[in-house]
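Here is a short report for a reader new to this structure. Start with the picture, then follow the text section by section.

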Amino acid sequence: MADDKKIHKHGGKSSSEILSASEVLKNVGLKSGDIFLDAGSGDGFISLEASEIVGENGEVYATDVHKPSMDILHQKIEEKDLKNVNPILADITSSIPVENNSIDLYLTANVFHGIVGNAELDSTMKEINRVLKDDGVLAIVEFIKEEGMPGPPMDVRLEPQDVVDNIEKYGYVKKEVKQTGPYHYVLLASKNK
Ligand SMILES: C[S@@+](CC[C@H](N)C(=O)[O-])C[C@H]1O[C@@H](n2cnc3c(N)ncnc32)[C@H](O)[C@@H]1O
């Protein structure tokens, strides 16, 4: 969808002040050697943390459409001399330049409500299906839908059940929902094979 037609535009926002990357990655079970994709990574604060966990046998792909965020990530990768983080300027609703069935863990943090709100679910789920291994994990981090908590407007926030309703028609099944920090939850799902 053309950017000026989108209801939700989040470029440049980062949750790094209110969401702990290490807690997220612990809750999603990221491990050494994993191939990890951070879809709508923003400045990549989760990807940078993931780099150490996946180690030299793993790989991190951080994708975002917002070039200034990718530029920040490029700079941090250079400063830290990281070899396993790959920033990719790409649209997760169309095509991500990674191989079919290559990703162990596809994580999208604070992005999914925008995909749903912009009616971009079909193309996004098709691409998730293409890149995720059959035994891979889909992890969706969202803001808790409660008044007085930070996050997007209440009418666009998603309850965990809303996430389930949106993904199950694409053949995904919920495994677990965990609260992650004071303001977020993560829903873990897998392909229904
Ligand atoms: C609210 S920010 C969250 C950033 C980061 N995941 C975090 O939690 O801090 C949403 C991010 O998704 C990106 N985004 C939105 N639509 C996208 C798309 N279709 N493809 C790739 N990135 C997208 C935005 O540019 C923005 O960086």
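## Asn 110 and its partner

A polar contact is a pair of N or O atoms within 3.5 Å; within protein, one atom must be able to donate a hydrogen and the other to accept it. The side chains of Asn 110 and Ser 15 make such a contact, at 2.8 Å. Note that the model is predicted.

Where is Asn 110 placed? Asn 110 sits in the loop between strand E4 (103–109) and helix H4 (112–117). Its relative accessible area is 11%. Buried means under 20%, so Asn 110 is buried. Beyond its neighbours within four places in sequence, Asn 110 is in contact with Ser 15, Leu 19, Val 141, Glu 142, Phe 143 and His 184.

Most residues other than glycine have a negative phi. Asn 110 is not a glycine, yet its phi is positive, about 65°. Asp 81 also has a positive phi, near 55°, and is a residue other than glycine. Asp 81 lies in the loop between helix H3 (67–80) and strand E3.

## The ligand site

Nitrogen atoms of the ligand take part in several pairings. One is 2.7 Å from an N or O atom in the side chain of Asp 91. At Ile 92, a polar backbone atom is 2.9 Å from a ligand nitrogen. At Val 65, a polar backbone atom is 3.4 Å from a ligand nitrogen. Taken alone, the ligand exposes 590 Å², and the protein buries 95% of that.

## Thr 93, a contact of Asp 91

Asp 91 also has a partner within the protein. A polar contact of 2.7 Å joins its side chain to that of Thr 93. Thr 93 is placed in the loop between strand E3 (85–89) and E4.

Is Thr 93 buried or exposed? Its relative accessibility is 9%. The cut-off for buried is under 20%, so Thr 93 counts as buried. Not counting residues up to four places away in sequence, Thr 93 touches Ile 115, Glu 120, Ser 123 and Thr 124.

## Helix H1 and its buried side

Which residues of H1 are buried? They are Ala 21, Val 24, Leu 25, Asn 27 and Val 28. These residues cover an arc of only 160° around the axis, so they lie on the same side of H1.

What do the buried residues of H1 pack against? Their partners are strand E1 (35–39), helix H2 (45–54), E4, strand E5 (132–143), strand E6 (172–180) and strand E7 (184–191). Just after H1 comes Gly 29, with a positive phi of about 75°.

## Glu 17, before the helix

Glu 17 is in the segment before helix H1 (21–28). Its relative accessibility is 75%. Exposed means over 50%, so Glu 17 counts as exposed.

How far apart are Glu 17 and Lys 178 in sequence and in space? In sequence, 161 residues separate Glu 17 from Lys 178. In space, the two are 20 Å apart, C-alpha to C-alpha.

Notes:
Residues are numbered from 1 along each chain as its sequence is written. This is a predicted model: local features need pLDDT of at least 70, side-chain atom pairs count only at pLDDT 80 or more; totals for chains, interfaces and linings use all residues. Side-chain values use heavy atoms; hydrogens and water are left out. Accessible areas come from the Shrake-Rupley method with a 1.4 Å probe; for residues, only the protein chains shown count as cover. Helices (H or I, at least four residues) and strands (E, at least two) are DSSP runs, numbered from the N terminus. Buried means under 20% relative accessible area, exposed over 50%, partly exposed in between (1.4 Å probe, protein chains only). Contact means heavy atoms within 4.5 Å. The arc is that of the directions from the helix axis to the C-beta atoms.
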